[in-house]
Amino acid sequence: VELDDTDRESLLKLFTAIVKGDGLEAGRLMLSRARRQDCSDPEAFCTSVSELIESVRGGSGLKLSAVQVGELLGKVLALCCTHRVLLEANFASVVTSIAVLEGLGRHLDPELDIL
């Protein structure tokens, strides 16, 4: 997947928000970069994203042994479907690539902190 400068910057901002635990900002970024969205309650979407990120970050950090990245990304995609937020194709491709890399990383070193 090759990202243009705008997509790369958007993805960087999104991952930065996730790393900082700012789920509300992550949700806002996803909404603002959605190619198309018909979200009737943007605040509920952002709150759901924030709760999901907080549940993952918890006390275990972000080690591959503690976080199922593919499952987490699947939940993010489910939230997008529920709230009618259409992700850009580039972002969806990156999500798929990350899920594949998770499996490889988990096999090589499950104690690796992904952030």
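Student: Which handedness does the crossing of α2 and α3 have?

Tutor: The crossing of α2 and α3 is right-handed, and since this is a predicted model, that handedness, like everything that follows, is computed from predicted coordinates. The axes of α2 and helix α3, the latter covering residues 42–57, come within 7 Å and cross at roughly 130°. An angle counts as roughly antiparallel over 145 degrees and as roughly perpendicular from 65 to 115, so α2 and α3 are oblique to each other. On the α2 side, the contact is made by Gly23, Leu24, Ala26, Gly27, Arg28, Met30 and Leu31, and on the α3 side by Pro42, Phe45, Cys46, Thr47, Val49, Ser50 and Ile53. Sorted by class, the residues of this contact of α2 with α3 comprise 9 nonpolar, 4 polar and 1 charged.

To place this pair in its setting, the chain holds 5 helices and 2 strands, which follow one another along the sequence as α-α-β-α-α-β-α. Of its 115 residues, 33% are buried. Among contacts between residues at least 6 apart in sequence, 70% join residues at least 24 apart. As for confidence, the chain averages a pLDDT of 83, and 87% of the residues score at least 70. Among the elements of the chain, helix α2, which spans residues 23–33, has the highest mean pLDDT, at 93, whereas α5 has the lowest, at 79, and that value should be kept in mind when α5 comes up below.

Helix α2 also packs against α1: the axes of α1 and α2 come within 8 Å and cross at roughly 160°. That angle is over 145 degrees, which makes α1 roughly antiparallel to α2. Here α1 passes α2 in a left-handed crossing. From α1, the residues that make the contact are Thr6, Asp7, Ser10, Lys13, Leu14, Ala17 and Ile18, and from α2 they are Glu25, Ala26, Leu29, Met30 and Arg33. By class, this contact of α1 with α2 has 6 nonpolar, 2 polar and 4 charged residues. Two residues of α2, Ala26 and Met30, take part both in the contact with α1 and in the contact with α3.

Helix α1, residues 5–19, in turn meets helix α5, residues 89–108, their axes coming within 11 Å and crossing at roughly 55°. The two helices α1 and α5 are therefore oblique to each other, and their crossing is right-handed. In this contact, Asp7, Leu11, Leu14 and Phe15 in α1 meet Asn90, Phe91, Val94 and Ile98 in α5. The residues of the contact of α1 with α5 divide into 6 nonpolar, 1 polar and 1 charged.

Valine 95 has its place in helix α5 and, at 8% relative accessibility, counts as buried. Leaving aside residues up to four places away in sequence, valine 95 touches Leu73 and Leu77. Valine 95 and glycine 70 lie 25 residues apart in sequence but 8.3 Å apart in space, C-alpha to C-alpha. Glutamate 71, which is found in helix α4, counts as partly exposed at 47% relative accessibility. Between glutamate 71 and alanine 99 there are 8.4 Å in space, C-alpha to C-alpha, although the two are 28 residues apart in sequence.

Finally, the loop between α4 and β2 leads back to the pair you asked about. Histidine 83 lies in that loop and, at 15% relative accessibility, counts as buried. Its contacts, not counting residues up to four places away in sequence, are Asp38, Cys39, Asp41, Ala44, Phe45 and Ser48, and Phe45 among them also belongs to the contact of α3 with α2. Arginine 84 lies in the loop between α4 (69–82) and β2 (85–86) as well, yet at 54% relative accessibility arginine 84 counts as exposed. Its phi is near 60°, a positive value in a residue other than glycine.

Methods
Residues are numbered from 1 along each chain as its sequence is written. This is a predicted model: local features need pLDDT of at least 70, side-chain atom pairs count only at pLDDT 80 or more; totals for chains, interfaces and linings use all residues. Side-chain values use heavy atoms; hydrogens and water are left out. Axes are lines fitted to C-alpha atoms, for helices over the stretch in contact, and angles run from 0 to 180 degrees between N-to-C directions. Helices (H or I, at least four residues) and strands (E, at least two) are DSSP runs, numbered from the N terminus. Angles under 35 degrees count as roughly parallel, over 145 as roughly antiparallel, 65 to 115 as roughly perpendicular and the rest as oblique. A crossing is left-handed if the near helix is turned anticlockwise from the far one by less than a right angle, and right-handed if clockwise. Contact means heavy atoms within 4.5 Å. Ala, Val, Leu, Ile, Met, Phe, Trp, Tyr, Cys and Pro count as nonpolar, Asp, Glu, Lys and Arg as charged, and the others, Gly among them, as polar. pLDDT is the predictor's confidence in each residue, from 0 to 100. Buried means under 20% relative accessible area, exposed over 50%, partly exposed in between (1.4 Å probe, protein chains only).
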